[in-house]
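Me: Got a model to go through with you. Can we talk about its sheets and how the strands pair?

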Amino acid sequence: MNDMLFIILTLLFIPIFIIMIFIPYWTRRTESFGVSIPEKLYDTTQLKKMRKKYAIQMSIVSLITLVIFLPIYFFIHQNEKLVAIVYSLIILIYLISSFLVYLVFHREMKKLKEEQGWFKHKKQQVVIHTKFHNEKLTISNWLYMIPFMITFLLIYITILFYDKLPEHIPIQYNLNGVVRRFAEKSYGSALFAPITLFFLIIVMLIVNVVIAKSKQQVNPDHPEESIMRNVIFRKRWSIFLYVTTILFSILFSLMHANLFVEINSKLMLSLPLIITFIIIGGAIVLSITTGQGGSRINIKTKKDETVIDRDDDQYWKLGQFYFNKDDPALFLEKRFGIGWTINMARPAAWLFLIGILIIAIGLPILLSL
Amino acid sequence: MYIHLDFESEIPIYTQLVEQIIAGIAKKELVPGERLPSVRSLASDIGINLHTVNKAYQELRQRGFILIHRQRGVVIHPDGPPPIDEQYLKDLKTTLHPLIAESICRGMTKEEFVKLYDEISKKYITEGGENNE
C-alpha cells in the first residue's frame, strides 16, 4: 500500500510544478514579472525570451526537487509521519526557491523598464465603469443553500441515530484512505465531518463574495474588452468554486455515511483521489484557458494606443505584495499568478486572512478534543 | 458610464470626478434616478482615499446634481439637473472672465470663441444617446 502513497505524493508535485513554471504565461498582459508594462510589449521577443528562460530555470528547480525527494522518501518511507513532515518541508523549500528565481527576473524587468522609458508620451489613466459591480459577476450566493442543506441533513441524521454510531470515530485519514486517528464517541467527534463541511462551505461562500466585491481593474486602452474579460474571469472562478464545494459535500457525506452503513471500500478509497484530481486539474485548465483577469480569453477589439494603465509599481512590494494606504480596497487581483490577494496596508484584510486561518487550523483541534 | 482619471494631471482627482460625472449627465450617459457606486466602492475601484470621493460627491450634491440617501445610496438627482439660477450665472461669469480676457489678449474674435462653444457642445448633444454606456 505504501507504493500508493509514493505515487500520490509524486503525482501531487506535478500540478505545483506546472503552476510555478507557467505563471508568467498566465498573468495579465500588462504585467511582466511583477512590473507593469504597456500591453503591446508583452509579445516582443525580448519578453518572450525572458518568460522562456524563467520556465526553463523553474523546470530545472522542479526537477532537482523531485530528484532530492525520491531518495529521501525511500530512506524514510516506513515512518509515515516523517514522510508527511519532510514532504511539506520540501514543498516549502521549493516555493521559497521559486520566489528567489522570480526575484531575479523581477529585478531584471525593473531595470529594463527604467532604461526604456516605456511610459513616456503616454497618458496614464485609471478607468472604471460606474455600473461594473451591478453586473452579475458571480453565481448567486443563494446557490450555497444547497450544500448548507446537505450539511444540516447530515447533522440531523447524526443526532437522530447517535446511538447507532460505533464507540470510536475516525477523524483523520491518510492518503491511502486508511484511518489514522480515532476519537472517543462524543457529539463533537460524531459531528466532525458535517461541522468541518459547514465551515468549508462558509469559507467558499465568503470567497464568492470576495470575487464579486474585489477591485475593478480595467485597461484604459480598451475598457470594454477588458471588462468583458474580467466578467468572464470572475464568473468562471465563481462556478469552479461552487463545483468544488458540491464535490466536497458529496465526499464528506459519503465519508460520514460510512459511519452508519458500510459503503463499497473501493469507492471510499478512490473517491478522494478522483475528487482531488478533478479539482486540481480543473484549476489548471481554467488558468490556461482564462488567464489572470481573463487575459487568455479570445476577444479582440480596437485599442487606443495613446493611453496606458496607471503605473502602480510603487505599491507592489517586490512586485507581488500590494501595500497602498490610500486605497480602501481590501481585495484585488494578484499581480504574478492567478486569483486574488489582499491590500496589506488594510488591517481588515489581515483580520480576514487570520480569521480563515483560525477556522482552518482551530476547528479540527476543537472538534477532536 | 466610464470614468477616466488622469493621475499625473494638475487637476485634482476630486475635480476630475466632479467634471466627469457632470459630463456624463450632460451626455445622458447618467440618467435621473440612476444609482452611482457608494463612496467606498468607487474609492476602492479607483484606488484612492475615501475623502477624495466623498468631497466630489458632496460638491455634486451641493450643486444639485446628485442626492445622497442614507438607505438608497447615491443617485443622480431624479428631478434632473438643476436649473440656471442666479448663483450659477454668477459663478459662470467668474469662471469665464479670465478665459475671455486671455482670448481678447490673443486677438480672438467673438465668432471664433462662439465657434469653440459649438464645437464642444456638439460632443454632448450628438453623442449622447438614451443609454449610451
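Predicted model: local features only at pLDDT ≥ 70, side-chain atom pairs only at ≥ 80, totals over all residues.

Me: Ok. In what order do the strands of the open sheet run?

Reply: The order is 6(A)-3(A)-1(B), 3 strands with mixed pairing. Strands here are DSSP runs of E, at least two residues, numbered from the N terminus, and two strands pair if DSSP finds at least two bridges between them.

Me: Which ones are the edge strands?

Reply: Strand 6 (307–309) of chain A and strand 1 (2–6) of chain B; each pairs on one side only. From one strand to the next, the twist averages 50 degrees (axes are lines fitted to C-alpha atoms, angles run from 0 to 180 degrees between N-to-C directions).

Me: How many bridges link strand 3 of chain A to strand 1 of chain B?

Reply: 5 bridges, antiparallel, with strand 3 of chain A covering residues 123–129. Ile128(A) has Ile3(B) as its bridge partner there.

Me: Switching to chain B: what stands opposite Arg35(B)?

Reply: Val75(B), in strand 4 of chain B. Leu67(B) also stands opposite Val75(B).

Me: And what joins strand 3 to strand 4 in chain B?

Reply: A hairpin, through 3 residues. Those two strands of chain B, residues 66–69 for strand 3, pair antiparallel over 4 bridges.

Methods. Residues numbered from 1 in each chain as written. Chains lettered and ligands numbered in written order. Heavy atoms only, no water.
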